[in-house]
Amino acid sequence: MVMSEAINRNVESNNFFICNEESEFFSLCIDYLVLKDSGFKNILEYGSGDGTPVLNALSSSGFKGRITGFEINPYAYRRAFFNIIQSGEQKRYTVNKGCFFNTFKKNNKEKCIIANPPYVPAPEKEKLILPYLWGGGDGSDILKRLFDFGTMGVMVLIPSISNPEAVINYGQKKGYNAVQFLKTTIPFGTYTSQVYVQNHLKKLQDEKKSYFNKNHYNLCGALFLKNMKDVSRTKTLIAALKCEHNETQ
């Protein structure tokens, strides 16, 4: 690696979200919930970041379809473009520079959205360390919007700190129920440990809109299908995100 490229990587990494633990979990969810058995061949990705979650999932997958990503952050987009070229996955994975919501097209019934969207709850995004991570006052704004496009599938990471029950209830109103999900725990990191965020989370917790333990919160990757009538897995997902089955509270 030449020195100029190393410098550019350092500059870029300070301008978009990087969390290896969350990225690895998202990659696992993409592989297990979408690429293996879902049958989807046309996948749309909200917020590609540097592209590594999808690339890691594709590296061990026989997936024959195509994933089209959208990334608004120019630093992340450049890194994703470079990573895709380096991996040789241009035929299966492309990332477009721009806003997912502004470029979304119609006729998406056979498609599946995948996303690890911004979800940090805060009254004002400008006060966040990284404003790109703002998910609205209770963190659920972008999560909810992903159910508005009528795709057959939505696979999204839902955190327990960002009004998860409201997100899932909104999805149900749009006709979606969960069919499978994976769960992990995530420690509070640089962005969620910010005092401004922590103070707000305590208020949301009192309002039963945020669920977490002292040092971590739950994160679920869930695949929702349109017109799925069975609500049993959805109820289990809500319980998992409300930390109802944790060993320690």
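Start by selecting Q198, which is found in helix α8. Helices here are DSSP runs of H or I with at least four residues, strands are E runs of at least two, and both are numbered from the N terminus. Before you go on, note that this is a predicted model, where local features need pLDDT of at least 70 and side-chain atom pairs count only at pLDDT 80 or more, while totals for chains, interfaces and linings use all residues. Residues are numbered from 1 along each chain as its sequence is written, and side-chain values use heavy atoms, with hydrogens and water left out.

Is Q198 buried or exposed? Q198 counts as buried because its relative accessibility is 19%; the cut-offs are under 20% relative accessible area for buried, over 50% for exposed and partly exposed in between, with a 1.4 Å probe and protein chains only. Now show what Q198 touches: leaving aside neighbours within four places in sequence, Q198 is in contact with F188, T192 and S193 (contact means heavy atoms within 4.5 Å).

Next, select F188 together with Y217. These two form a tilted aromatic pair, 5.3 Å centre to centre with 50 degrees between the planes. Rings of Phe, Tyr and Trp (its six-membered ring) pair if their centres lie within 6.5 Å; planes under 30 degrees apart are stacked, over 60 edge-to-face, and the rest tilted. F188 sits in the loop between β6 and α8 (195-206), Y217 in strand β7, 29 residues apart. Both F188 and Y217 are buried.

β7 (residues 216-226) runs antiparallel to β6, with 11 bridges joining them, and T185 stands opposite N218 in β7. Two strands pair if DSSP finds at least two bridges between them. Zoom out to see an open sheet of seven strands with mixed pairing, in the order β3-β2-β1-β4-β5-β7-β6. Its edge strands, each pairing on one side only, are β3 (93-97) and β6 (176-187).

For a last stop, select Y46, F70, F100, F101 and F149, which ring pairs link into a cluster.
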